[in-house]
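I opened my notebook to record what I looked up in one structure. The entries follow in the order I made them.

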Amino acid sequence: MAHAGQVRHGPDPQYTCLVDGVLSVSLKLWTHCRAATMVPGGTSAYGLVDDAALLVDGEALAWVGPRSELPTTLLDRCTLHHDAGGALVTPGLIDCHTHLVYGGDRAAEFEMRLNGASYEDIARAGGGITSTVKATREASAQELQASSAKRLQQLIGEGVTTIEIKSGYGLALEQERKCLQVARTLGHTYAVDMRTTFLGAHAVPPEFAGHPDAYIDAVFQMLPILHAEGLVDAVDGFCERIAFNPAQIERVFKAAQALGLPVKLHAEQLSDSGGAQLAARFRALSCDHLEWLSPEGARAMAAAGTVAVLLPGAFYFLRETKLPPMDLLRECGIPMAISTDCNPGSSPCTSLLLMLNMACTLFRFTPEEALAGVTRNAAAALGLKDRGVLAAGLRADFVLWDFQSPAELSYALGNNQRLQTVFKGQVV
């Protein structure tokens with residue numbers, strides 16, 4: 001027997017157990033299920049365990065594996081036994097790229113695009129991000145919280161247990177603070193883990209029109225204040241011809257680095273700007289969008305361990321035709337995550353399940369790649385090592401589904417068959 005606190009590995013690396021000496025007196029047990037553990041390196045697709053058992057100790061998983069191999073010493077400690085009724089169990093889903101807090105909508109711009117205007121045409125005419133900035137600035141914190149809570153509840157209802165929310169629709173200190181505070185409040189109000197990202201370098205606000213460098217100076221002033229207030233987990237930027245150039249983003253990344261904050265980047269969505277190489281130099285957690293990613297950018301990301309976050313909702317909604325270079329990403333061994341990119345202008349979507357199907361049908365993900373993209377790879381895109389797979393010692397965030405096969409999550413075209421969500425060991 002292993003010593004207290006060690007992890008014992010079973011005959012297959014897809015499951016592990018914690019041994020006596022570190023467990024509470026009372027444990028909770030889920031049985032009669034199929035567990036898609038998503039632990040890499042196992043002998044079965046999805047790390048699948050048939051007739052599985054999941055043992056929960058407080059907020060963490062204490063044991064995951066075949067029910068027949070659950071040690072009786074652990075079974076005897078169980079005070080609550082859940083019969084999962086044959087359900088499929090997956091890690092809690094992670095939506096790793098959203099702009100969930102915003103005011104207003106952009107339905108009129110959607111109609112303009114359908115009548116021939118491009119995303120860039122609309123942005124240059126004063127629409128796009130700046131129109132949402134106006135609506136967000138005019139909304140009170142209470143109004144933003146009410147509208148954002150509806151979107152968040154829809155995602156939670158699909159099994160999302162961790163979500164990232166970016167700022168970037170305030171573009172001034174008080175307004176960015178308001179949005180980040182709303183995001184933090186939502187995380188304290190609902191059964192979801194909230195990660196907040198400062199996206200001050202999202203667009204040039206109207207009062208700085210024609211002076212992007214001066215606005216970047218303002219971003220420098222905002223960042224340390226918001227960080228000191230505990231509102232920033234990471235820093236993002238929009239590196240694109242309609243936003244900021246690599247030199248301007250580099251200044252923002254250096255400011256983040258000085259504060260010890262990880263960075264992410266909206267990169268290569270509309271053109272190849274070299275943003276992926278820039279982000280890789282700062283060992284970014286992720287580069288997101290990536291339709292125009294070059295081989296040089298991909299190699300830089302791979303060397304830096306940067307995750308590719310692909311956003312099929314925006315690709316679909318904007319009627320793009322340039323596909324992300326899937327073969328290149330696979331060839332370079334870059335982990336691929338998927339997210340809703342929930343935002344009012346290019347992906348007004350609150351269904352991560354729908355994104356699974358879109359990733360498969362539009363980008364040619366396999367169903368296993370898609371599920372990894374909203375579990376373990378999405379966790380990596382947020383720098384989180386304590387979730388995304390079902391294994392002993394990690395967070396007890398998992399979802400029960402009325403499905404037999406994990407592939408059904410991608411196949412079912414947004415069909416929500418969630419039966420139960422467990423968040424930090426508690427049934428939601």
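**Entry 1: glutamine 269**

Leaving aside neighbours within four places in sequence, I found glutamine 269 in contact with Phe238, Glu240, His289, Leu290, Glu291, Trp292 and Leu318. I note that the model is predicted. Glutamine 269 sits in the loop between β11 (264-267) and α9 (275-281). Is glutamine 269 buried or exposed? Its relative accessibility is 7%, so I put it down as buried, the cut-off being under 20%.

**Entry 2: helix α6**

I checked the length of helix α6 (residues 173-189). At 1.5 Å a residue its 17 residues should span 24 Å, and the end C-alpha atoms are 24 Å apart, which agrees. I listed the buried residues of α6, among them Cys179, Leu180, Val182, Ala183 and Leu186. Charged residues are on that list too, including Glu176, Arg177, Lys178 and Arg184. What covers the buried residues includes α4 (129-138), α5 (141-156), β8 (160-166), β9 (193-201) and α7.

**Entry 3: helices α7 and α8**

I then looked at α7 (residues 212-228) and α8 (residues 246-258), whose axes come within 10 Å and cross at roughly 10°. Angles under 35 degrees count as roughly parallel, and α7 and α8 are therefore roughly parallel to each other. On the α7 side the contact is made by Pro212, Asp213, Ile216, Asp217, Val219, Phe220 and Leu223. On the α8 side I wrote down Gln248, Arg251, Val252, Ala255 and Ala256. The residues of this contact divide into eight nonpolar, one polar and three charged.

**Entry 4: salt bridges**

How many salt bridges does the structure hold? I have 20 in my notes. In one of them, the side chains of aspartate 193 and arginine 395 meet at 3.6 Å, N to O.

Arginine 281 lies in helix α9 and glutamate 250 in helix α8, so the pair ties together parts 31 residues apart in sequence. Arginine 281 is exposed, at 53%, while glutamate 250 is partly exposed, at 24%.

Last, I looked up aspartate 386 and arginine 387, whose closest N and O atoms are 2.7 Å apart in a salt bridge. Aspartate 386 is partly exposed, at 29%, whereas arginine 387 is buried, at 8%. Salt bridges that share partners join Asp193, Asp386, Arg387, Arg395 and Asp397 into one network.

Terms used: Residues numbered from 1 in each chain as written. Predicted model: local features only at pLDDT ≥ 70, side-chain atom pairs only at ≥ 80, totals over all residues. Heavy atoms only, no water. Axes fitted to C-alpha atoms, helices over the stretch in contact; angles between N-to-C directions. Helix = DSSP H or I, 4+ residues; strand = E, 2+ residues; numbered from the N terminus. Parallel < 35°, antiparallel > 145°, perpendicular 65-115°, else oblique. Contact = heavy atoms within 4.5 Å. Buried < 20%, exposed > 50% of the residue type's maximum accessible area, 1.4 Å probe, protein only. Expected span 1.5 Å × (residues − 1). Salt bridge = Lys/Arg side-chain N within 4 Å of Asp/Glu carboxyl O.
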